[in-house]
Amino acid sequence: MSMWDRLLVDCNIATMEGGGLGVIENGAIGISDGKIVRAGKRTELAGYRARKVDALDGAWVTPGLVDCHTHLVFGGTRADEHAMRRAGASYEEIAKAGGGIASTVARTAAASDEGLLAQSRRRLHALMRGGCTTVEIKSGYGLDPKSELRLLRIAKQLGEDEAVRIVPTLLALHAIPADQRDRRAHYVSEMIDQLIPAVAREKLAISVDAFCEGIAFTPAEVDRLFKAAAAHGLSVKLHAEQLSNQKGAALAAQYRALSADHLEHLDEAGAKAMAAAGTVAVLLPGAFYALQETRKPPVDLLRKHKVPIAVATDCNPGTSPMLSPTLAINMACTLFGLTPEEALAGMTINAARALGLAHAIGSLAPGKAADLAVWQIESVSELAYWVGLPGPERRIFGGSDA
């Protein structure tokens, strides 16, 4: 019998396998070469040997949390806009007044690479402390090819420096710069024709994203972007149906998008299209909360058509300054009506699906990465119950404490 690297015992396990929590009480997990070898009842693993054995004193073990939608790399904050919003200004009004995305673009451009890396690292560390072992990072605060490439390189650097899996996404069409509004078609062409090939050539992202909305980009412009992404072997994702129904989710499904995100204004046709394409619905309760929206994503429609539901922080400086994955889980339940089981699946296996990584992460099964979170709680439902749960007692990444 071979010697494992590590054996975790005296724990309860939520494997997230089999379409539910996959609970194993009094369980054990064997780890070798950074991957899970076995996860089962402690009695089933009796007799196996490991170089290191950790008794977890009855703690719960879940997959490491997966934050599948963040805008983590940016300069400065938009705390002033928070005050404006509290005074009654809308998202659109703030954007038209020169705030919003344009404000962050300016502060990001003014920051040095070192400064931007340091700011982003602090935010990443907060998500890691909260239990994340995988974090998606979008670009989108550059708004020109050179600046967008810079942001993706910084995201890549974070992944090389830290004990966390970084999944980079090119947010190619996020907002139109003020000086390009009279040259809209030219701007869109430049972002598509120059940026997509460069990102594919340098392998700086695995997916391409866009903001499909009345204040952003049209379905026709997004369609052009998605065609170019597909031609270069890149997956697609979409900010869709956040403020209005632009039929973006159905468009994303035509390209078998990994996910469509936000979805407050999703209709049944969009839900059906997503289900048929296997496109994951990513719900972002932090943005709903910060914007004080009243229209919720149609969770019952998603359930009816069996669309996988993921949950993410949407960490960004303007509309979701959230740095707690467990708070996102709680809000998904309290604001959107998800069950605790659905919310945890939303930040584990379904979040992995939203990144195209369900084969490697998101559940505790043989052959998957040994990315785990160890929680000192009495019931796994506490992950959705506590407001401000500080994070796991232990975070294990690739089989090692991190």
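Okay, let's start with the sheet: seven strands make an open sheet with mixed pairing, and the order across it runs E3-E2-E1-E4-E13-E14-E15. At the edges sit strand E3, residues 35–41, and strand E15, residues 400–401, and each of those pairs on one side only. Oh, and before I go on, please keep in mind that this is a predicted model.

Let's walk through part of that sheet. Strand E1, which covers residues 3–14, pairs with E4 in the parallel sense, over nine bridges. If you'd like a spot to look at on screen, find Trp-4, which stands opposite Ala-50 in E4.

Next pair along. E4 and E13 run antiparallel to each other, with four bridges. Here you can pick out two tryptophans: Trp-60 has Trp-375, in E13, as its bridge partner.

And one more step. E13 and E14 are also joined by bridges, three of them, in the antiparallel sense. One to look for is Ala-373, whose bridge partner in E14 is Arg-395.

Now let's zoom out to the whole chain. How is the chain divided into domains? Domain 1 comes in two pieces of sequence, 4–63 and 363–401, while domain 2 is 65–354. Taken over C-alpha atoms, the centres of the two domains are 30 Å apart. As for who takes part in the contact, domain 1 gives 27 residues and domain 2 gives 22 residues.

How much area do domain 1 and domain 2 bury between them? About 1,800 Å², and 64% of that is on carbon and sulfur atoms.

What about specific contacts across that boundary? There are seven residue pairs in polar contact between domain 1 and domain 2, with both residues at pLDDT 80 or more. The elements giving two or more residues to the side that touches domain 2 are strand E4 (49–63), strand E13 (372–375), helix H15 (382–385) and strand E14 (394–397).

Which side chains meet in a salt bridge at 2.6 Å, N to O? Those of Asp-371 and Arg-165.

How values were computed: Residues numbered from 1 in each chain as written. Predicted model: local features only at pLDDT ≥ 70, side-chain atom pairs only at ≥ 80, totals over all residues. Heavy atoms only, no water. Domains from an automatic or database assignment. Contact = heavy atoms within 4.5 Å. Buried area = accessible area lost by both parts, 1.4 Å probe. Salt bridge = Lys/Arg side-chain N within 4 Å of Asp/Glu carboxyl O. Polar contact = N/O pair within 3.5 Å; in protein donor to acceptor, adjacent residues only side chain to side chain. Pairing = 2+ DSSP bridges.
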